[in-house]
Structures are given as structure tokens and as C-alpha cells.
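Please look over the sequence and the structure before reading on.

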Amino acid sequence: MQNSAKLLFAVLAMMIALSNGQAYIGYWWWTWSSGGSPPPGTNIGIAFSGWINPQTAISQSNAIKDRLPGAKFISLGGGNANGAWTASAIQNINSAINRGEFAGYTGIAYDIEEGDSGLGTLFQESFRTAKAKGLQVLVTVSHSAPYGINDAFDLMQIFFADGNIDYLSPQLYTSGNEGANDYTTSHGVTWNQYSRSRAKIIPSIVRGSLYQSAESYFRSQGVTIVGYVQWAQ
């Protein structure tokens, strides 16, 4: 009965979202999960391992790659030491892109939460490199800005202005178990600043049933969102 209720909520959320002009439904598929349950209508499937090392991320994503729904993305980075961003990590990713190691994927999801300062120019270079190889770019950050990067405010201004980012996905959760969206901001980046973004805004939320709340809240901030990415499996 609980599964039926969850499915009903997801379907209703999708119908509401589509009626509001939403075009994108994504899903963070955990690579260690025995089996994901993408929401109905998912058209962006992201293999999430939490690793920034491209070879490790690719290896851990292989088991679910063919099951990813819609456009297949591979995630790089995450919210711990395994996913922390450094200059050398970005350079390794660029080399992997140029060697064609992401063949079979539509795009790369850059999960930017922790890392060094001063990486803005290197991120821009990486996004350009990905686009030059025909890969789409999704950038996700913890709440309104990366919590573990000291110059996150300046970094977000770079992201907002970057035309090589296709999707920007702020995470509206901390634990991933919340029953409501968490609109906490970080590093002085307010939600209304997202109206400057050249990329499409598709927030990451725990479940699709929370999309209507997100759409209403962002509208109050002068921001149009056009979809979501679900975290819960």
C-alpha cells in the first residue's frame, strides 16, 4: 500500500510539473544501490558514485549504466574526501574527457560541494572541454552554494554566467531524508541570484512530490525552474 501511495504521489507530481511547463525529470541512481526506482517520466538518469576520480566513477557506474533512464549522465565529485575538488582532480577529468573515456554517456554531472578555493577558471575550462566533446554539463551544489569551498560566493557567480552549463541543480536537502524542501542558503548566495543563471534550473529534491513546493518557492524568488532531480531511491 505504501508503494502504491508513493507511486501515486510521484505521478501526481509529474502531472502538476508538466502542467506548469516542466520539461526535465532527473534521477540520482546510487551505484551501490541494488535497484533504483526512477520517478515516472524520468528523462535524465545520473549514475552517482560520490567519486571524483574518473576511472573509479566509471568503474562503479558500469553496473547501472545501461539501466539509466533517458539521457545518461555520470556524476563526478561529492560531499566527502572522495569527492573533493582540486586542480589536479579537474585536470584528470579533462584528460579523461579528451581520451573519450565517457563514451556512451550524454553528459557529466559535476557534484561540487567540497574542495579548494580558486578553481573557477579550471571549472570553466572543464565545462568547455566537455561541451567540445559533445557532452552536456550539469552542475549540482549543496543548497545555494558549495558548503565546503571557501570562495563559493565567487564560484557561483561564475557558474551563473557560464553558457557551457546546461543544467544547474541546487540540492534542497542535507540528509536526503527530509519530508520537505530545505531552502537554507550558504556563503551569502541567495535564491533570487539564481535568476541570473544562463543554465536551466532543475533543483535536486528528495522526492518528486516536493516539486510543486519548489516551483512555488522559486517563483517567489523570481526564478523559473523547469524540472527536478530526485535523490531518494
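Is T31 buried or exposed? The answer follows under the first heading, and the description then widens to other parts of this predicted model.

## Residue T31

T31 has a relative accessible area of 11%. Buried means under 20%, so T31 is classed as buried. The residue lies in the loop that runs between strand β1 (24–30) and strand β2 (44–48).

Leaving aside residues up to four places away in sequence, T31 touches A47, F48, S49, Q60, S61 and I64.

## Residue Q55

Q55 is located in helix α2, which covers residues 54–65. Its relative accessible area is 37%. Since partly exposed residues fall between the 20% limit for buried and the 50% limit for exposed, Q55 is therefore partly exposed.

When residues up to four places away in sequence are not counted, Q55 touches A96, R99 and E101. Q55 and N92 are separated by 37 residues in sequence, and their C-alpha atoms are 9.5 Å apart in space.

## Aromatic rings

The count of aromatic pairs comes to 22. One of them is formed by Y27 and W29, in an edge-to-face arrangement with 5.9 Å from centre to centre and 75 degrees between the planes. Y27 and W29 are both buried.

Ring pairs also link W28, W30, W32, F48, Y173 and W231 into a cluster. F48, a member of this cluster, is also among the residues that T31 touches.

## The chain as a whole

The secondary structure of the protein chain consists of six helices and nine strands. Its C-alpha trace spans about 50 × 40 × 30 Å along the principal axes. For 233 residues, a compact globule would have a radius of gyration near 17 Å, and the 16 Å of the protein chain agrees with this. Among contacts between residues at least 6 apart in sequence, 77% join residues at least 24 apart.

## Burial, surface and charge

Of the 233 residues in the protein chain, 51% are buried. The accessible surface of the chain is about 9600 Å², and carbon and sulfur atoms account for 50% of this surface.

The protein chain carries 13 positive and 14 negative charges, and the mean positions of these two groups are 10 Å apart.

Definitions and conventions: Residues are numbered from 1 along each chain as its sequence is written. This is a predicted model: local features need pLDDT of at least 70, side-chain atom pairs count only at pLDDT 80 or more; totals for chains, interfaces and linings use all residues. Side-chain values use heavy atoms; hydrogens and water are left out. Helices (H or I, at least four residues) and strands (E, at least two) are DSSP runs, numbered from the N terminus. The radius of gyration is taken over C-alpha atoms; the globule rule is 2.2 Å times the number of residues to the power 0.38. Buried means under 20% relative accessible area, exposed over 50%, partly exposed in between (1.4 Å probe, protein chains only). Contact means heavy atoms within 4.5 Å. Accessible areas come from the Shrake-Rupley method with a 1.4 Å probe; for residues, only the protein chains shown count as cover. Lys and Arg count as positive and Asp and Glu as negative; His and the chain ends are not counted. The place of a charge is taken as NZ of Lys, CZ of Arg, CG of Asp or CD of Glu. Rings of Phe, Tyr and Trp (its six-membered ring) pair if their centres lie within 6.5 Å; planes under 30 degrees apart count as stacked, over 60 as edge-to-face and the rest as tilted.
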